[in-house]
Amino acid sequence: MSVVVDASKGDLRSVSAELKELIIEEAVTIKESGHLHGLLAGFKGGELIVEGDSGDYLGALNDGATIRVTGNAGRYLADNMTSGTVIVEGDAGYGAGQYCYGGTMVIRGSAGDFTGVMNKGATLIVEGDVGDEVATYMLAGDLIILGNAGANLGNYLILGTIYIGGTWASLGHNTLLEDGLSEADRMKLRTLFDQYGVEGDPDSLTKIVRLSERPFYKTKSAEPPEKAPLPAPLG
Amino acid sequence: MPSINGAFCVSVMKDRCINFQMPGKCATCAEVCPYDVFVMDDSGSMHVQNYNGCVGCRICVEFCPEDAIRINAAESEYLVRSPWTFSQVEEIHQKAQSGDYPLRGFGTMGFSPGFDNITVVPSQISSPPPLDKYREECDLAVTIGEDSCENPIRLKYPFLIPAMSFGALSKEAKMALAIAAAQTGILANTGEGGLLPEETWLSRGFESQERTLKQWEPGGYLAVQWSTGRWGTSADYLRSGDAVEVKIGQGAKPGMGGHLLGEKVTEEVAAVRGIPVGTDALSPCRYYDVQDLTDVKRMVAFLRDVTEYKVPILFKLGPSRPYEDVKACVEAGADAISIDGLVGGTGASPAIVTQGVGIPTLALIPPSVQALKDLGVHHKVKLFVLGGMRNGLDAYKALALGADGVGFGAALEIAMGCRACMACHTGRCPYGITSQDPELRARLDPVEAGQRIANFLDASAEELKMLTMLSGHGDIRELSTEDLRAMDINTAAISGLKLVGHSTALPWWDNGRMEPSNN
């Protein structure tokens, strides 16, 4: 029997303090925490199971913890995660996995609009569908979608890769469809699928990368502008 | 309107003029001038015969093959040629040629309603007598988060260093600011470009990471900024600060995000920001992970939780609707609010945005103070005013209008050596302040520049103290609008101050209280 924390009567500060006091050697189950927003923010380790649905900003700034949600996650799941793992058995709301530098997020169901915006290095996996404006201004990392995507997928992609199994309503600026996957892609995806129990065939995915390195501004020369030479003295 | 006739001085540099060297050759100026300002005489020599006719169009300047002609306005171009001043004509030509709008750094230039038309009321016989700066005490200290945080910030002076990022600024400039904060006991700020490791110990006064030797007393504080681009942010980043500042906007480009062009994203900048080298780091104009004020409250809640309820949460606002915006920050849980005026802005920005967007600094203070009073938190939630602050006199005026402190941004860059050339965004700052070029950076010694900034801050604090004491106060908290008078009716209208020579404020100001409308 794992440690159980009943969050139903607590506020963020008290529940957070209770969790931090536990010496985490086994998994901790948190019950009835849907009213708490920003729970498990900045945890550096441990295995935490959120029973049922979670509030918003669950696992924000996660820095090493393994977080499982047995129901659905609220909005802004795993916001600004730097390492660790966040797994949701149900769906995730608006803006899951934004601003992450590292770690892994797995959504078994579907995710909302603006998922994975400004991803800077995390691995984000959505087994179902995603909404509109997903992976806007992504700078690094991987976003793997097994279902379909909405409009403007990967808008202003700078670096990193989007893999998608289904279709998309439209692609954003600066995206490029690649022909097939490389062996490295296949290996990476297979390893991830095995590790997180994802049912999917890497070869059925389409790979989307960036079109140009600097889509916002033209590349400018680092050289100073030429100065007009002074006219030679006359006479 | 003044006449355009005679408004321009035409001069020809004879050592360059082809005709002067070789009479009979080259009459380009005479051919192109629509007003016959130039004429060739019978011997083939060119003369300026009719310079009263010059309208300052500079066609002759453009066509002269040897760049020998100078046209200088005898009266301001703004008087005689507005709106088609030489600079306006040039700007349009530049856009027509390149298709690009101009970018620049260093904030708004030119006139906007400001502090200069406010005067300080000294103490004489009818008010509490003045105090002597040399022999008596005056309390300048300000505390942020006294009742709300485990570790409040106790500023020795009512000053802070506004957010300027590593990336926009060089490493040496960031180090100098941190050292100055330590020397003067005030608050430095990472800005939104991530944390430079050196900032963590220098701002607290330690010369190295080991923190064995405290080199600079009394030691200062460091705010870490939480912004829309989230560069280099993590739980550890937040925990390394004495305060977390939630950035909503900035004076240089309110309503827009940061623009760090790829030219300045060197390996070191990229490492601190956690992004690829040479890519443009363009912060979004808003938070993707916030949709309404409830979300901001939830964000503040987890920022407090991550930092274990120890450090103050600050908010940074651009100049928009001060009454409503300040109220929203208080509702979201701010311990202090910095509000940046129109004139503010060290950042790179489209020229028209830096020049033409936002409410002037002076006009932000009365509504901001009113919002704090209406919520019953005036002087509890601290208000810092930023944007064009130059000295202890500006600081005094802001404080007397109800602020708790001020921030110096551009002034500190100037204290480091900057001469306001406005080329910050190019990465070619000749003083190494806003450059990432190793050769230019080598010109800035962080310790020396830090000392210069500290000297400037010490001198400004002394000015503030002197003004506070000569107006009969021993504590900056005693300052009020009674210590100021407006010298013109516009300033009186904006500030709610009494006009010099009058015993009441303008009629729509009811006992210092204004109608809280910002529309």
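1. Start with what surrounds helix 11 of chain B: its buried residues pack against helix 10 (293–306), strand 15 (313–317), strand 16 (336–340) and helix 13 (361–374) of that chain. Contact here means two C-beta atoms, placed from the backbone, within 7 Å. Helices (H or I, at least four residues) and strands (E, at least two) are DSSP runs, numbered from the N terminus.

2. A word on the source: this is a predicted model, where local features need pLDDT of at least 70, side-chain atom pairs count only at pLDDT 80 or more, and totals for chains, interfaces and linings use all residues. Residues are numbered from 1 along each chain as its sequence is written, while chains are lettered from A and ligands numbered from 1 in the order in which they are written.

3. Back to helix 11 (residues 322–332) of chain B: eight of its 11 residues are buried, so the helix is largely enclosed by the rest of the structure. Buried means 20 or more other C-beta atoms within 10 Å of the residue's own, with C-beta atoms placed from the backbone; 12 or fewer is exposed, and in between is partly exposed. Among the buried ones are B:Tyr323, B:Asp325, B:Lys327 and B:Cys329. Just past the helix, B:Gly333 has a positive phi of about 105°.

4. Now the contact between the chains: chain B puts in 28 residues and chain A 38. On the chain B side, helix 10 gives the largest share, six residues. That side splits into 11 nonpolar, six polar and 11 charged residues. In this count Ala, Val, Leu, Ile, Met, Phe, Trp, Tyr, Cys and Pro are nonpolar, Asp, Glu, Lys and Arg are charged, and the others, Gly among them, are polar.

5. Chain B as a whole has 18 helices and 20 strands. Its radius of gyration is 26 Å, close to the 24 Å that the globule rule gives for 519 residues, so chain B is as compact as a globular protein of that length. The radius is taken over C-alpha atoms, and the rule is 2.2 Å times the number of residues to the power 0.38. Of the 519 residues, 51% count as buried.

6. The domain assignment (automatic or from a database) gives chain B domain 1 (8–100) and domain 2 (115–470 + 477–495). Their C-alpha centres lie 46 Å apart.

7. Over in chain A, strand 4 (residues 63–69) runs parallel to strand 3 (residues 47–50), joined by four bridges. A:Ile49 has A:Arg68 as its bridge partner.

Technical notes. Pairing = 2+ DSSP bridges.
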